[in-house]
Structures are given as C-alpha cells and as structure tokens.
Amino acid sequence: GGGPEGGCWHVGGGSSGSDTKKKSAMAMGSKLKRISSFHKLAEAKTPLMKIQENQGGEVPPLEGKVPPLKEGKEVVPSALPTEQTITIQIVKHLQQGTGLLKRMRWSGPKVRVFRLSRDMEYLERESLNFLSFEPTRIPLDHIKAMENTTTSTADPELAAAGFCLYYDPNGRGRKTAFFDCIAPTGADYILWTKGLRLLLETRAKSKNEGQKLQLELLELTLDIPITTINHWFVQHFPNGCMDDGDDKL
C-alpha cells in the first residue's frame, strides 16, 4: 500500500518492512519530486475529499450548503459545488520536464524525462540523471498524431494515465514510429495530452512565424483540476523503472 502525501508517492509498508525497502522508498521518493511538472506548486494543496462520519454514523451536511429543493424548483447550476482548478502556462510546464514511463525498445519500461525545448521546436528526452547524455530530440513538425490511449499497456490503472505519440523518425514522410508514455500524475496526463495537443495545433494553424509564433505559444494556458496534482499513478509503475540509464527512441 501507500498514498499520495505532500505531492510525493511514498511506498507504504507495515511494521515488518525491511531497512532495504525503506531505503528504496526514500530513493524513489526523492526522484518522484522531480518527475512531475507540478511538484513546484507547493501552494496548490489537494483538498480533503473525504466526508467524515460523526459518532452517530451519520454523514454531516457539506459546509457548502446547497439550498434544499422545493417542489417544482430546479437546482441552479451555479449553486452546486464546482471543482477548484489552477490555470497554468502550457509552455512553461512542458519545458520544466516530466518523468514519463516510456516503453523501451531494447529493455523493460523506464522513466525518462520529456520536455519541450527552449526554442519550442523540439520534444526532448533524456535519462533521469540529467548528466551523461545529450537529450534525444524529435522536431515538433515530425509529430504526426497523438492518441489518449496506449498500444502496449495492459494494466488498466496505467492505461488510464497513458498516451501514444506517432512521429516521422527521419522527416521524409515514408515511415511512422510511435511510443507509449505513462504520466506520473493526473495533472501531468492532462498537460501532455490536452496541453501538448493544443500547442501542436496552434503551431499548425498559426499564421505567425519566428518570434511572433513563440509569443503566441507562450500565451497558451490550461486549467488543471487541483485534485489531479496529487493523483499519483506511480504506485503502478513496474519495479526498477526508476533506474537511471539511457536508451534509443
């Protein structure tokens, strides 16, 4: 077991947990702080969604108090509780980088950091250690399509957080490659599906070029439900997927 606390998934364990498991959990926890694009949003606290029962076993009324319905009356939509959201700049969060679980070509799935390049022209991928290798780059113009589903993930929990990206590996239009990615949180999933899609569509439809296009992209925003920021999928990631290393796209 385990649970999302403070924006970081902590691997759970009972009193019988070994020191090795605790050290492994601590190591994973430190890396998890880096893999979500939203880990710096300390001010965005996840609301407590559970409704506590009183001693009599009855559920107390919500503090938001919706007026009781009268016969023949309908609920006014504005009177119903709405989910709190935070508005983010798409480019800023895509450039911060997200640790996505990527299906590897030569080995098991590994977490790799994906980010939008500073010039907003490439999708970059690098290993978690950020040190040894130059990032692999895919020109955004070579990305052909995105799907909000995966082609290879069997785990239903991971499939709910996954997407598939199709691209032309050499830019000649003769070949299409693809890979699956799994987002670490619900918020990151929204960022990399809705956010990246909006950025790609804006680039394709815009009449602007150069600096004017960059300014247009910088203005793109997205509303993220706050509850999704600490909605972690990492507990379903395969063992060993957080190991550092390198691979080829």
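1. The largest nonpolar core has 38 residues, and Trp-192, Leu-199 and Ile-224 are those with the most contacts inside it; such a core is a set of buried Ala, Val, Leu, Ile, Met, Phe, Trp, Tyr and Cys residues joined through side-chain atoms within 4.5 Å, where buried means under 20% relative accessible area, exposed over 50% and partly exposed in between (1.4 Å probe, protein chains only). Helix 4 (residues 186–205) gives the most to this core, with 8 residues. A second, separate core of 14 residues includes Leu-158, Ala-161, Trp-232 and Met-242.

2. This is a predicted model, in which local features need pLDDT of at least 70 and side-chain atom pairs count only at pLDDT 80 or more, whereas totals for chains, interfaces and linings use all residues. Residues are numbered from 1 along each chain as its sequence is written, and side-chain values use heavy atoms, with hydrogens and water left out.

3. With a disulfide taken as a pair of cysteine sulfur atoms within 2.5 Å, the count comes to 0. The sulfur of Cys-164 is 8.5 Å from the closest cysteine sulfur, that of Cys-181, which is too far for a bond. Cys-164 is buried at 0% relative accessibility, and Cys-181 is likewise buried, at 1%.

4. Lys-102 has its charged end over the ring of Phe-179, 5.7 Å from the centre, and Arg-137 lies over the face of Tyr-122, at 4.0 Å from the ring centre; the criterion is NZ of Lys or CZ of Arg within 6 Å of the ring centre and within 35 degrees of the ring normal.

How values were computed: Helices (H or I, at least four residues) and strands (E, at least two) are DSSP runs, numbered from the N terminus.
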